[in-house]
Amino acid sequence: MEDFVGPLTIFILSGFVGFQVITRVSPLLHTPLMSATNAISAISVVGAIVTAGSQYNTVSTILGVIAVASAMTNVVGGFVITDRMLKMFRKEQKRD
Amino acid sequence: MDQHLLQWAYLFAAILFIFGLKGLSSPRTARRGMFLAAIGMFIAVVGTLFDREIVGFQGIIIGMIIGSAVGLGIAVWTPMTAMPQRTALSHAFGALAVTLVGVSEYYRHGAGLSAVTMGAIGFEVFLGALTVTGSLIAFGKLQELMSGSPVTYPGQNVSNIALLAAMAGLLVSLIVSPGMSVLFYLLVALALVFGVLLVLPIGAADMPVVIALLNSYAGLAASVSGFVIHNNILIIAGALDGASGFILSILMCRAMNRSITNVLFGAFGVAATSVASADEVYGGKVKSATAEEIAMLFDAARRVVIVPGYGMAVSQAQHAVRDLAHMLEERGITVEFAVHPVAGRMPGHMNVLLAEANIPYEKIKEMDEINPTFTQVDVAIVIGANDVVNPVARTDPKSPIAGMPILDVDKARTVVVVKRSLSPGFAGIPNPLFAAGNTLMFFHDGRKAILELIGALKAA
């Protein structure tokens, strides 16, 4: 069980950090928040990379390559679209 | 790369992720924050490429090129009105990656898995697979590839619970004897079916809750996958994503005064027992106005509040709304925007559309902030919103939306409602606001209505 309690500790503490940080996010930015957390959790690409590159067997490699492609879609897509949205939120400017 | 060095890189990336999310507390710091998070991602990915276990790069490169191209294409070409669909689709992609890694781990180790790891893999593919199909159904409903109305049948909840129990049984059997691969693939298949069944009965207007919930599941699945492959950054990032989705779904439910179980299993709007019929509420009391008549209201107005709803997104009216706001401001009128938390199809949907139309964010007010001030509003313009401004929520405890917090537009001196017809909103009930003495109905498509109003103001 030892190798379970360690990761569980990290999980629970990260959950608390997440709760604290997310409750402070401005409701104005809830849509970008979703694409941002989506991009961040696409860190699962690192697991996919190891699966695709370790070449244990053909099936694992193929599944890994598909996993890399779909996670990478969120990495690139998530960060780009979040920035595209955030760029639009601007303060009042003096108009003439 | 040294495996220890890689762990340091992951830790650094995790810290940058948290700073990134922290930046989202204000629009001023948000872009910088997300830039930090992107650097964290870059460090983690590049570091992983040096992992000792990796022996071939061909597959990785192919996957990365395809994924980057697809992701970039979606990110650049998705219109802001289609953001809910894009989000649903991205949950499907994320969950697919996690599920495939889980399946691959099982395929590789099979019978040799420890009980803890088997349990984690089982949980990972269960959450991942249901999120894949659930998100695809949500995407289909939002993209209008399929009907947005709830699909219900007798015994729905009972059969869903039976399915859930069957999957729990499979998971327990696998933990006891991990070598039974048939059970594993059956679990994956049932979870895929379960995802479909979970989202089918949920109507399009409840999508803000469902998207947030799927967001949470996708994050949790990623986190569990970190338990399986012993990777801390996956646990951390997944937990952050899971917490975010969970908080958003709670906020959305609260904004509708409903519980999560009610949203998921209630099939809202199907058996809505309408207390008052449309004829009773509207009969002869609805006043319709022309653009010219409405334009005259602004002659004496000093404060105008615009309330956007999903109808504004559908008719792409946000740019016309901005032009109208500018025009009113040039006459010295204060113009603000009031956004209900569940307006639109995902959390924050309206804010993004208003920002796209270059409306400064200081003018966008949340419900709690603007509600006490509606009595001092001369004209409230409601564009394509219905249930979120229905005063019945306050007055009739038997109504299906009883107790739902609403925008108190009915307290404004005059209310202008832009709407194509008197058809009910998602809750399926008539809205007495439309028949109120201080309400003028402007029956028209959202964008065309605003353009006509602008024309009338110019002519006056």
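Predicted model: local features only at pLDDT ≥ 70, side-chain atom pairs only at ≥ 80, totals over all residues.

Residues are numbered from 1 along each chain as its sequence is written, and chains are lettered from A and ligands numbered from 1 in the order in which they are written.

The interface between the chains comes first. In chain A, 79 residues are in contact with 95 residues of chain B, where contact requires that the C-beta atoms of two residues, placed from the backbone, lie within 7 Å. On the side of chain A that touches chain B, the elements giving two or more residues are α1 (2–23), α2 (30–41), α3 (45–53) and α4 (58–88) of chain A. Helices here are DSSP runs of H or I with at least four residues, strands are runs of E with at least two, and both are numbered from the N terminus. Helix α4(A) supplies the largest share of that side, 29 residues. By class, the side of chain A that touches chain B comprises 45 nonpolar, 27 polar and 7 charged residues; Ala, Val, Leu, Ile, Met, Phe, Trp, Tyr, Cys and Pro count as nonpolar, Asp, Glu, Lys and Arg as charged, and the others, Gly among them, as polar.

The buried residues of α3(A) pack against α4 of chain A and, from chain B, against α2, α3 (58–77), α4 (83–109), α8 and α9.

How are α3(A) and α2(B) placed relative to each other? Their axes are 10 Å apart and the packing angle is about 15°; axes are lines fitted to C-alpha atoms, for helices over the stretch in contact, and angles run from 0 to 180 degrees between N-to-C directions. The two helices are therefore roughly parallel, given that angles under 35 degrees count as roughly parallel, over 145 as roughly antiparallel, 65 to 115 as roughly perpendicular and the rest as oblique. The crossing of α3(A) and α2(B) is right-handed; a crossing is right-handed if the near helix is turned clockwise from the far one by less than a right angle, and left-handed if anticlockwise. Helix α3(A) contributes A:V45, A:V46, A:I49 and A:V50 to this contact, and α2(B) contributes B:A44, B:V45, B:T48 and B:L49. The classes in the contact of α3(A) with α2(B) are 7 nonpolar, 1 polar and no charged residues.

Among the buried residues of α2(B) are B:G33, B:M34, B:A37 and B:A44. Their cover includes α2, α3 and α4 of chain A, together with α1 (3–23) and α9 (232–255) of chain B.

Within chain B, the axes of α5 (residues 115–142) and α8 (residues 207–228) come within 8 Å and cross at roughly 155°. Helix α5(B) is therefore roughly antiparallel to α8(B). Their crossing is left-handed, and their contact has 18 nonpolar, 6 polar and 2 charged residues.

Most residues other than glycine have a negative phi, and most peptide bonds are trans. A:Q55, in the loop between α3 and α4 of chain A, has a positive phi near 50°. A:Q55 counts as partly exposed because it has 16 C-beta neighbours inside 10 Å. B:N257 likewise is not a glycine and has a positive phi of about 55°. The loop between α9 and α10 (260–265) of chain B holds B:N257, which is partly exposed with 14 C-beta neighbours inside 10 Å.

Key: Buried ≥ 20, exposed ≤ 12 C-beta atoms within 10 Å, placed from the backbone.
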